[in-house]
Amino acid sequence: ADVEEFGAALRAARECCTSDDLAPFEQRYRERSMAAEQAHMALLGAHNVELLCDALALLPAGALPEHEVAQWHANMQAWEVKVAQARANFECARHSDSATLEQAFQALVMSGAGPGMVE
């Protein structure tokens with residue numbers, strides 16, 4: 001169960017269970033909520049494809065709802081397509097004048113390419 005499902009189950013359990021009974025589950029929910037917040041921060045802070053790929057790979061299971069993880073993967077795939085197009089343009093521009101090469105490099109960086117993709 002992801003953190004949202006866990007939270008909903010915990011809220012429902014509060015109606016029939018004591019605080020003492022739920023204390024370990026409340027602690028686990030706080031831990032999972034913190035992990036979800038850290039996951040969000042890592043994903044939102046990924047300013048290139050390489051960082052987003054790393055953030056998704058390190059995402060703990062169940063930290064975020066499946067639909068959100070799927071959306072991040074879809075965003076990454078779309079970003080990878082843009083980077084591939086910009087990289088192909090950059091490769092073609094390697095034998096051009098310096099102004100064209102500079103523009104192609106800027107387009108590559110702006111597309112979301114990380115340093116490892118520019119080598």
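This is a predicted model: local features need pLDDT of at least 70, side-chain atom pairs count only at pLDDT 80 or more; totals for chains, interfaces and linings use all residues.
Along the principal axes, the C-alpha atoms fill a box of roughly 75 × 20 × 15 Å.

The protein is built from five helices and has zero strands, so the order from the N terminus on is α-α-α-α-α. Of the contacts with a separation of 6 or more, 58% are between residues 24 or more positions apart. Buried residues account for 32% of the 119 residues. The accessible surface is about 7800 Å², and carbon and sulfur atoms hold 58% of that surface.

Next come the charges. The protein carries 8 positive and 18 negative charges, and their mean positions lie 1 Å apart. Side chains of opposite charge can pair when their charged atoms come close. The structure holds three salt bridges.

One of them joins the side chains of Glu 26 and Arg 14, at 2.8 Å from N to O. This pair links distant parts of the chain: Glu 26 is in helix α2 (residues 19–45), while Arg 14 is in the loop between α1 (3–13) and α2, 12 residues apart. Glu 26 counts as buried because its relative accessibility is 17%, under the 20% limit. Arg 14, at 41%, is partly exposed.

Another salt bridge joins Arg 28 and Glu 31, at 3.6 Å. Both residues lie in helix α2, three residues apart, about one turn of the helix. Arg 28 is partly exposed at 42%, and Glu 31 is partly exposed at 38%.

Arg 94 and Glu 91 also meet in a salt bridge, at 3.0 Å. Arg 94 has a relative accessible area of 37% and Glu 91 one of 34%.

Conventions
Residues are numbered from 1 along each chain as its sequence is written. Side-chain values use heavy atoms; hydrogens and water are left out. Helices (H or I, at least four residues) and strands (E, at least two) are DSSP runs, numbered from the N terminus. Buried means under 20% relative accessible area, exposed over 50%, partly exposed in between (1.4 Å probe, protein chains only). Contact means heavy atoms within 4.5 Å. Accessible areas come from the Shrake-Rupley method with a 1.4 Å probe; for residues, only the protein chains shown count as cover. Lys and Arg count as positive and Asp and Glu as negative; His and the chain ends are not counted. The place of a charge is taken as NZ of Lys, CZ of Arg, CG of Asp or CD of Glu. A salt bridge is a side-chain nitrogen of Lys or Arg within 4 Å of a carboxyl oxygen of Asp or Glu.
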